[in-house]
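Student: I'd like to go through this one label by label. Whenever you use a term, tell me what makes it apply.

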Amino acid sequence: MSENKQELQVAALKNGTVIDHIPSEKLFTVVSLLGLEHMTTNITIGFNLDSKKLGKKGIIKIADKFFCDEEINRISVVAPHVKLNIIRDYEVVEKKEVRMPDELKGIVKCANPKCITNNEPMATLFHVIDKDSCVIKCHYCEKEQKREDITII
């Protein structure tokens, strides 16, 4: 086979969602954040694919699943420049870019060991202070965290 023909062949998606431009090292975190391991529909995951923008990227194709904004925006914490393609009848009908929400509920662990969320059975809540550089602030103890310090629950 010639080098030009050595491409990844993935079945076309009739209806569903394609999540593209995921940094390879964040692919499985995105799978977990979206709860894809619990789905029963057909899911195709591409890992370490060549990308002009990222060098290497991940892609996820999920058949017959359309995410609401709240679900998909959860992944902005780990993969801020992900592109979403909504597919209906084999055609891209909508393209979206993931946006950081104003609040993050139950996604991120507070870095303050004395925070009530680390000592009581309750969900975390963070307010997004800076969406571009991903600075978040705990609602309860007001500790600020940057993207590189964030731990996903």
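Student: What makes E103 and K105 a salt bridge?
Tutor: The closest N and O atoms of E103 and K105 are 4.0 Å apart. A salt bridge is a side-chain nitrogen of Lys or Arg within 4 Å of a carboxyl oxygen of Asp or Glu, so the pair counts. Keep in mind that this is a predicted model, where local features need pLDDT of at least 70, side-chain atom pairs count only at pLDDT 80 or more, and totals for chains, interfaces and linings use all residues. Residues are numbered from 1 along each chain as its sequence is written, and side-chain values use heavy atoms, with hydrogens and water left out.

Student: Why is K105 called exposed, and E103 partly exposed?
Tutor: Buried means under 20% relative accessible area, exposed over 50%, and partly exposed in between (1.4 Å probe, protein chains only). K105 has 56%, so it is exposed. E103 has 34%, so it is partly exposed.

Student: How many salt bridges are there in the whole structure?
Tutor: A search finds six. One of the bridges joins K65 and E71, with the closest N and O atoms 3.6 Å apart. E71 is partly exposed because its relative accessible area is 28%.

Student: How do you know that D20 and K57 form a salt bridge, and which parts of the chain does the pair link?
Tutor: Their closest N and O atoms are 2.9 Å apart. The pair links distant parts of the chain, with D20 in strand β1 and K57 in strand β3, 37 residues apart. Strands here are DSSP runs of E, at least two residues long, and helices are runs of H or I, at least four, numbered from the N terminus.

Student: Are D20 and K57 buried or exposed?
Tutor: D20 has 11% relative accessibility, so it counts as buried. K57 is buried too, because its value is 13%.

Student: What about V108, and why does it get its burial label?
Tutor: V108 is at 0% relative accessibility, so it counts as buried. It sits in strand β7 (residues 108-109). Leaving aside neighbours within four places in sequence, V108 is in contact (heavy atoms within 4.5 Å) with residues including V77, F126, I136 and I153.

Student: Which residues touch the most other members of the largest nonpolar core?
Tutor: I19, I60 and I75 do, in a core of 32 residues. Helix α1 gives the most to this core, with four residues. A nonpolar core is a set of buried Ala, Val, Leu, Ile, Met, Phe, Trp, Tyr and Cys residues joined through side-chain atoms within 4.5 Å.

Student: Which domains are assigned, and how far apart are their centres?
Tutor: The assignment gives domain 1 (14-95) and domain 2 (101-150); such bounds come from an automatic or database domain assignment. Their C-alpha centres lie 24 Å apart. Six residues of domain 1 are in contact with eight residues of domain 2.

Student: What makes the nonpolar surface patch?
Tutor: F28, I45 and F47 make it, at about 290 Å². Patches are made of residues with over 30% relative accessible area and no salt bridge, where like charges are joined within 9 Å and nonpolar side chains (Val, Leu, Ile, Met, Phe, Trp, Tyr) within 5 Å. F47, in strand β2 (residues 43-51), is at 40% relative accessibility, so it counts as partly exposed.

Notes
Accessible areas come from the Shrake-Rupley method with a 1.4 Å probe; for residues, only the protein chains shown count as cover.
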